[in-house]
Amino acid sequence: MSQTLHDHDHAHDHPAIEQAARPGYYEMLETAVRELLVEKKLIAADEIRRQIEVLDSRTPALGARIVARAWVDPDFRARLLADGRAACEECGISFYDDTSLIVVENTDKIHNLIVCTLCSCYPRPVLGLPPDWYKLKPYRARAVSDPRAVLAEFGTIIPDNIEVRVHDSTAMVRYLVLPKRPEGTENYAEEQLAALVTRDTMIGVAPAQIQGSAS
Amino acid sequence: MVFAPKRQLGIVYAVGEEPAFGPGDRIRIAERRPVGHYRVPSYVRGKRGEVEVVIEPPAIDNEEEGFGRNAGVRRHYYRIAIPMIEIRPDYRGSRSDGLRIEVFESWLERV
């Protein structure tokens with residue numbers, strides 16, 4: 001990669017951003033198939049761009065709002081656990097991929113963890129794109145063979161008297177973990193609660209906690 | 001309108017219309033190794049478990065769909081509970097740890 005610095009008007013200098021290597025096999029395959037589909041008018045370039053916008057509009061902040069709502073509203077929590085998709089749709093979150101959503105609740109007796117051993121199934125309508133580690137083989141293989149060790153590597157130690165329940169998404173069903181509401185948040189407003197809910201808490205690799213607290 | 005329980009209506013259901021398994025049924029996931037990509041991971045094939053939930057409504061069988069056969073056919077789909085110790089006899093965690101996974105009826109055998 002070139003180390004030449006270019007003139008620009010933001011605060012720091014960095015090497016020129018350029019593509020040095022040839023695109024890989026799959027990158028070229030994707031470009032070829034996409035261009036063919038567009039040329040044959042089976043899809044329009046604008047549809048691809050639109051779908052990227054759809055994906056970009058989904059982030060863990062949506063999931064966090066759902067979790068916070070469930071923490072403050074017992075009726076909503078019940079609806080969310082009965083039919084995750086319907087409860088999210090009620091909040092305006094669409095399921096553009098026509099998946100169903102099962103929301104699994106962490107309790108004093110059960111800790112839930114989500115994985116897709118076959119690929120990267122993930123509750124994208126509610127959380128957006130999955131983190132890279134979620135798609136890599138070490139996580140996918142070990143989440144179902146040694147989940148407690150995987151959790152420990154995320155700093156999450158689950159006592160033996162709590163059941164670890166791993167959910168492997170295989171096709172049409174997606175999972176979302178409803179983490180436990182942290183102690184000491186009784187007076188928090190819904191918005192403050194949502195700020196405690198990170199992506200990792202909704203995959204089940206970490207508990208929701210008050211920032212700065214290490215429990 | 002409130003209907004009588006199904007069986008009292010004398011209605012005969014088409015083959016495959018009703019789920020073959022119900023919650024609590026003991027099952028084994030088929031030990032088949034067909035060539036190609038199937039949505040039943042290898043590590044659960046041949047393993048025993050229990051039906052936890054019948055997922056409604058029946059879903060399009062994406063395995064058949066993926067191979068261009070029976071496109072659009074819906075099949076019953078179940079949420080299966082399998083103990084971790086069944087998946088790995090040398091499992092290190094708690095005995096109560098378990099897996100939940102969705103499997104189409106075509107892969108389930110009654111135990």
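Predicted model: local features only at pLDDT ≥ 70, side-chain atom pairs only at ≥ 80, totals over all residues.
About 2000 Å² is buried between chain A and chain B, and carbon and sulfur atoms give 50% of that area. On the side of chain A, the residues that lose the most area to chain B are A:Leu118, A:Thr170 and A:Met172, which together account for 25% of what that side buries.

**The interface between chain A and chain B**

- Contact between the chains involves 27 residues of chain A and 26 residues of chain B.
- Between chain A and chain B there are 15 residue pairs in polar contact, counted where both residues have pLDDT 80 or more.
- The elements of chain A that give two or more residues to the side touching chain B are strand 1 (100-105), helix 8 (137-145), helix 9 (147-153), strand 3 (163-168) and strand 4 (173-178).
- Strand 3 of chain A gives the most to that side, with six residues.
- By residue class, the side of chain A that touches chain B divides into 16 nonpolar, five polar and six charged residues.
- Three salt bridges are found across the interface of chain A and chain B.
- In the salt bridge between A:Arg148 and B:Asp97, the side chains meet at 2.6 Å, taken from N to O.

**Strand pairing across the interface**

- Strand 3 of chain A, which gives six residues to the side touching chain B, also pairs with strand 4 (residues 98-104) of chain B, in the parallel sense and over four bridges.
- Within this pairing, A:Arg165 has B:Gly98, in strand 4 of chain B, as its bridge partner.

- Chain A is divided into domain 1, covering residues 25-55, and domain 2, covering residues 59-203.
- The C-alpha centres of domain 1 and domain 2 of chain A lie 31 Å apart.
- Over all chains the structure holds 26 salt bridges, and one of them joins the side chains of A:Arg69 and A:Glu190 at 2.8 Å, N to O.
- Because A:Arg69 lies in helix 3 (residues 60-72) of chain A and A:Glu190 in helix 10 (residues 190-194) of chain A, this pair ties together parts that are 121 residues apart in sequence.

**Chain B: secondary structure and strand order**

- Chain B has two helices and five strands, and along the sequence these follow the pattern β-β-α-β-α-β-β.
- Taken along the principal axes, the C-alpha atoms of chain B fill a box of roughly 55 × 35 × 20 Å.
- Strand 1 (residues 26-29) of chain B runs antiparallel to strand 2 (residues 48-60) of chain B, and three bridges join the two.
- In strand 2 of chain B, B:Arg48 is the residue that B:Arg28 stands opposite.
- Strand 2 of chain B also pairs with strand 3 (residues 74-83) of chain B, again in the antiparallel sense, over seven bridges.
- Here B:Ala59 stands opposite B:Arg75, a residue of strand 3 of chain B.

**Backbone details**

- Most residues other than glycine have a negative phi, and most peptide bonds are trans.
- The peptide bond from B:Glu56 to B:Pro57 is cis, with omega near -10 degrees, and B:Pro57 lies in strand 2 of chain B, the strand that pairs with strand 3 of chain B over seven bridges.
- A:Lys41 has a positive phi of about 60 degrees although it is not a glycine, and A:Lys41 is placed in the loop between helix 1 (25-39) and helix 2 (45-56) of chain A.

Notes:
Residues numbered from 1 in each chain as written. Chains lettered and ligands numbered in written order. Heavy atoms only, no water. Contact = heavy atoms within 4.5 Å. Buried area = accessible area lost by both parts, 1.4 Å probe. Salt bridge = Lys/Arg side-chain N within 4 Å of Asp/Glu carboxyl O. Polar contact = N/O pair within 3.5 Å; in protein donor to acceptor, adjacent residues only side chain to side chain. Nonpolar A, V, L, I, M, F, W, Y, C, P; charged D, E, K, R; others polar. Pairing = 2+ DSSP bridges. Domains from an automatic or database assignment.
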